[in-house]
Amino acid sequence: MPRKFNHGLDYDDDDYGDEYDDYDYDYDIDSDAEDNGNLPKPNQETDSSSIWRCSICTYDNDQSMTTCDICGVLRNPLPLSGISNGNDLKTASATVRKDNTSAPMSARFSNSSSLMMSKGSNVTGNENNQLKDEEHNLRSSAKSPGTLSSYHEGGVEHTLPMDEIKPPILARSLDSVSINDRGGTGKAASWGQYKPEKWMLPESEDGLLNQLNLAIVGHVDSGKSTLSGRLLHLLGRISQKEMHKHEKEAKLQGKGSFAYAWALDESPEERERGITMTVAVAYFDTKRYRVVVLDSPGHKDFVPNMISGATQADAALLVIDASIGSFEAGMDGSKGQTKEHAQLIRSFGVDQLIVAVNKMDVVEYSNDRFNLIKRQLGTFLRSSGFRDSSVLWIPLSAMENQNLVTAPSDVRLLSWYKGPYLLDAIDSLHPPTRDVLKPLVMPICDVIKSPTMNQVSACGKLEGGALRSGVKVLVMPSGDVGTVRSLERDSRPCAIARSGDNVAVVLQGIDTSKVIAGGVLCHPNFPISIAKHLELKVLILDGASPILIGSQLEFHIHHAKEAARVEKMVSLLDPKTGKVMKKAPRCLLAKQSAVIEVVLQGPVCAEEFSSCKALGRVSLRALGRTIAVGIVTRVIEKEP
């Protein structure tokens, strides 16, 4: 029934904080034990030449896959050496001859220099003629490729290899190449110049509910999928016939209590292991909202999948296992995922949270146990930036259907709890704001290809703008332009999709290989930046190991992930005021806030947080732990 989104590799795990202007950096919780996990071993290939086996989940992947289709782990390990930023300079030797004496002299040129001008470069008129003359003179002075060309300066003759010469006008021209040369249809413009068309503006439609993307997060085995499946069944999204089928299949495998979870965990690997591995998407309606359920994995091996799915969330449901020992295990900073998921959700910009204290039947609906959980977890949530007024606490039991869609019937719970039930709590959430007046931005979280029909579907959440059939979109980072053939919203065909909608966009007139998960659909006249060198403002999380210049990290931004290296420590910030405390620190420790520069192994679509929040939130992971969260403050070098 649900679509499954698999985005991610994992060698990460830790705790996230939020790094916005309103984030509270004052942590009151003691440091947790640090998890000194080992780097994943290189993936082992099987004897078959057409498949390779993942070293984490042992799934047999096709030879063409670079990451595991189930858990997202890279096929090859990350390099331990430094990552080249693609801007290294080459040194060309020169010989200086004057008065029968010679001395060596070096000149630096960019390795991207070329005597051939790319098609579509913005060189016209006199500059173009000048360029041809300069190039002709340089060519004519060389007898063959690789010979030396000479020039005079200050009475001194210099000789340089022809391959290293780059005419100044050509250099200026190449530097000014715009996005249009990669397929864009208009001149790149400032977002402030954008004016939406009339059809893009929202209209009041009778009977149309506001959409709310609700991420279901929490520690592994806390009952997230069971709670989601039970809600869907009670609200009529799963028929009794389907439910009977799940119950029968679960009992045959000796897992009768997993019947509701199997409504969302459909893959054989998930059912065999008894855990959620990818993000399941389902839908149900309340009185106020059309709720999109994002059931996220809780196991630490699949946190990258959780990151990719939960970035679309408007609000979150944090599921807690109330049973003795389970809550404590989830709060363990080195192995538990409760803290990490809470901090990750906050770093995604989610400030409305429902804490569902599940499995209350196991503790006999104890008020003391509920208050203990509320006190301990509440302190941590406040330190992570959640306000008490934005957090709702709901005691419930998914297995016994207590306090889900109706008021509880068990007298043990009724004797002390007088608050709302879960469905009412969801209805009490404030509607999210939508950027309908901004240009089109849609990070791609999943891609479905139809080679026979020469079309491809890009799935994701519209973070800005609107779409309808027939409009042209720019697909980044490839820079190709495609045409929207049709749209699906919540698995239903629709004519127009606006900011906030989860849609599947069917594109035509574009090479299907150019549309990838982690890319972005945007307006042709307002292209998204592509970069490998970024300046970040980050918060180092509690329990993280020190970060040094050269540290190898895993970089996450919206649905994209890349290997990264810390290039520079710019400054250490006061975590409360944000003012610079120290410039060029040698290392960063837990609970510190800083500005750093990172260089990525491959380019990603990114924007400054002040321009586009959805493309400006980042998280850094290493050794299976989340070690920092933050925002993009500057795109240092944009890719051409």
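Q: In which strand does Leu474 lie?
A: This is a predicted model. Within it, Leu474 belongs to strand β17. Its relative accessible area is 0%, which puts Leu474 under the 20% limit for buried residues. The strand that holds Leu474 is β17.

Q: How far apart in space are Leu474 and Asn525, C-alpha to C-alpha?
A: Along the sequence, Leu474 and Asn525 are separated by 51 residues. In space, their C-alpha to C-alpha distance is 8.5 Å.

Q: Which parts of the fold does the salt bridge between Arg434 and Asp314 tie together, and how many residues apart in sequence are they?
A: The closest N and O atoms of Arg434 and Asp314 are 3.2 Å apart, and the limit for a salt bridge is 4 Å, so the pair counts as one. Arg434 sits in the loop between α11 (422-427) and β14 (441-450), while Asp314 sits in the loop between α6 (303-310) and β11 (315-321). The pair therefore ties together parts whose separation in sequence is 120 residues.

Q: Which residue is linked with Asp314 and Arg434 in a network of salt bridges?
A: The structure holds 13 salt bridges. Asp314 and Arg434 take part in a network of these bridges together with one further residue.

Q: How many residues apart in sequence are the parts tied together by Lys359 and Asp321?
A: Lys359 and Asp321 form a salt bridge, with 3.3 Å between the closest N and O atoms. Lys359 lies in the loop between β12 (353-358) and α9 (367-383) and Asp321 lies in strand β11, so the bridge joins parts with a sequence separation of 38 residues.

Q: Is Lys359 buried or partly exposed, and what is the state of Asp321?
A: The relative accessibility of Lys359 is 26%, so Lys359 is partly exposed. Asp321 has a relative accessible area of 9%, so Asp321 is buried.

Q: In which helix is Arg412, the partner of Glu364?
A: The side chains of Arg412 and Glu364 meet in a salt bridge of 2.3 Å, N to O. Glu364 is in the loop between β12 and α9, and the bridge ties together parts that are 48 residues apart in sequence. Both partners are partly exposed, Arg412 at 33% and Glu364 at 49%. The helix that holds Arg412, residues 411-414, is α10.

Q: How are α6 and α8 oriented to each other?
A: The axes of α6 and helix α8 (residues 338-347) come within 10 Å and cross at roughly 30°. In the contact, Val303, Met306, Ile307 and Ala310 of α6 meet Glu340, His341, Leu344 and Ile345 of α8. The crossing is right-handed. An angle under 35 degrees counts as roughly parallel, so α6 and α8 are roughly parallel.

Q: What is the omega of the peptide bond from Met476 to Pro477?
A: Most peptide bonds are trans. The bond from Met476 to Pro477 is cis, and Pro477 is in the loop between β17 (472-476) and β18 (480-489). The omega of this bond is near 10°.

Q: What is the phi of His558?
A: Most residues other than glycine have a negative phi. His558 is in the loop between β25 (552-557) and β26 (560-573), and it is buried at 6% relative accessible area. Although not a glycine, His558 has a positive phi of about 40°.

Notes. Residues are numbered from 1 along each chain as its sequence is written. This is a predicted model: local features need pLDDT of at least 70, side-chain atom pairs count only at pLDDT 80 or more; totals for chains, interfaces and linings use all residues. Side-chain values use heavy atoms; hydrogens and water are left out. Helices (H or I, at least four residues) and strands (E, at least two) are DSSP runs, numbered from the N terminus. Buried means under 20% relative accessible area, exposed over 50%, partly exposed in between (1.4 Å probe, protein chains only). Axes are lines fitted to C-alpha atoms, for helices over the stretch in contact, and angles run from 0 to 180 degrees between N-to-C directions. Angles under 35 degrees count as roughly parallel, over 145 as roughly antiparallel, 65 to 115 as roughly perpendicular and the rest as oblique. A crossing is left-handed if the near helix is turned anticlockwise from the far one by less than a right angle, and right-handed if clockwise. Contact means heavy atoms within 4.5 Å.
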